[in-house]
Amino acid sequence: MKLEAFGPAWKFFIPDDHSCAWTLLDTRQGEELVNIVWGKLNNISEKDALNEKCRFHSKLDNREVQIESANVYPFGGESLLERNLKLRDKLLEVCVDVKPGRGETVRSFELEDLIIPGEFSKIEIIRNLPEAGQNWQLEPLTATEDILYSAPQPWVAIVLTKVNGTILEIGIGGDYWRMQGCGDTLWQIIRSQDAVVLKSRPVALSAEETVERRPWRFSYYIAWGRNSSTRLMTEKNDITITPEVGKDLECSCFRAPSVRRTLRKFIRREQESSGNLHLILPDVTACQDAAHLERPGKKSLAHWDLEELFALYSWGNRQLGGERLLNIELPEDSIFRKLPSGKYLSSIPGDCSIREI
């Protein structure tokens with residue numbers, strides 16, 4: 001049985017010709033938004049691996065689909081690439097676990113290429129996590145060469161605007177420290193005549209280097225939409241909460257356990273109210289405190305907290321239940337408020353379901 005995930009104007013599926021691992025298609029425009037290719041472990045393409053698992057799970061509220069995928073290399077120690085793909089309307093989150101086989105180590109790993117077909121009017125980048133007290137910087141890529149970006153350090157987010165008005169935002173996972181990888185790392189944005197390709201090599205160690213046998217984890221998200229995306233408007237019986245996160249808790253990182261608990265407490269407290277809930281929050285932050293990631297023995301690990309807001313939005317809408325909705329508003333001057341990720345947080349949740357094809 002072959003399945004696909006779908007929403008109001010998109011679907012996510014494995015193409016019949018296996019030209020790539022997954023395709024995200026805009027069904028209203030009839031265009032491919034993103035083609036997800038295959039990773040490469042120790043210089044061997046994941047296309048040569050065998051699919052061991054591909055399971056679709058749908059939430060009861062029909063607003064989220066999870067896909068669990070596992071591809072095993074059928075030789076050597078049988079290394080494994082596992083993925084957890086989480087789909088909501090106009091948002092895809094991908095977590096990749098790289099597990100070396102018996103007696104094997106990870107000396108090189110290339111994350112799956114992301115191919116974004118189309119003609120683009122604008123390509124922008126957030127190059128780095130901001131330092132304390134600095135603002136997020138979104139800058140245009142105006143290079144005339146085919147390689148728009150090539151560096152050993154990962155970007156934070158790429159924003160591509162198509163000539164037809166579709167906007168795609170691709171950000172690396174909140175655990176920036178993981179994506180920094182190890183060895184001769186390389187991150188590239190390559191423009192061809194009919195597509196933009198994102199390439200990521202987070203692990204590249206020479207044969208002479210001593211390598212610890214260990215698993216690796218990498219994550220990224222894809223958000224999409226248009227400037228006309230509909231926000232959840234405030235009505236008469238609605239409730240608006242503006243917590244002073246940094247002042248009240250002496251911490252502004254949404255991934256900090258104390259902040260997570262407090263924001264969820266605000267939402268639980270309003271379960272019996274009658275109107276929608278509008279949560280007005282400070283801007284997305286970058287942070288170095290490893291305690292927020294529950295990593296004992298570490299003091300400083302670079303991370304950022306947009307993905308925590310994705311989780312809060314999804315959890316909060318399920319918690320309120322029924323016809324009541326939660327939206328999360330970022331400040332007027334926030335870069336993310338204007339991007340597909342911020343529009344997702346402030347919109348009316350769309351359906352996301354599974355069907356047989």
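Predicted model: local features only at pLDDT ≥ 70, side-chain atom pairs only at ≥ 80, totals over all residues.

User: What distance separates the C-alpha atoms of Ala207 and Arg107?

Analyst: Ala207 lies in the loop between strand 19 (195-204) and strand 20; strands (E, at least two residues) and helices (H or I, at least four) are DSSP runs, numbered from the N terminus. Arg107 is 100 residues away from Ala207 along the chain, and their C-alpha atoms are separated by 7.8 Å.

User: Is Asn35 buried or exposed?

Analyst: Asn35 belongs to strand 4 (residues 31-36). Contacts (heavy atoms within 4.5 Å) of Asn35, leaving aside neighbours within four places in sequence, include Cys20, Trp22, Asp113 and Leu114. With a relative accessible area of 10%, Asn35 is buried.

User: Which side chain makes a polar contact with the side chain of Asp238?

Analyst: Asp238 sits in the loop between strand 20 (216-225) and strand 21 (239-241). Not counting residues up to four places away in sequence, Asp238 touches Met233, Gly275, Asn276 and His278. A polar contact is a pair of N or O atoms within 3.5 Å; within protein, one must be able to donate a hydrogen and the other to accept it, and residues adjacent in sequence count only if both atoms are side-chain atoms. At 2.8 Å, the partner of the Asp238 side chain is His278.

User: Which side chain of opposite charge is nearest to Asp238?

Analyst: Lys and Arg count as positive and Asp and Glu as negative, with His and the chain ends not counted. A salt bridge needs a side-chain nitrogen of Lys or Arg within 4 Å of a carboxyl oxygen of Asp or Glu. Asp238 is buried yet has no salt bridge; at 7.4 Å, the nearest side chain of opposite charge is Arg324.

User: How many helices and strands are there in the protein?

Analyst: Buried residues make up 54% of the 357 residues. Among contacts between residues at least 6 apart in sequence, 64% join residues at least 24 apart. The protein has five helices and 26 strands.

Terms used. Residues numbered from 1 in each chain as written. Heavy atoms only, no water. Buried < 20%, exposed > 50% of the residue type's maximum accessible area, 1.4 Å probe, protein only.
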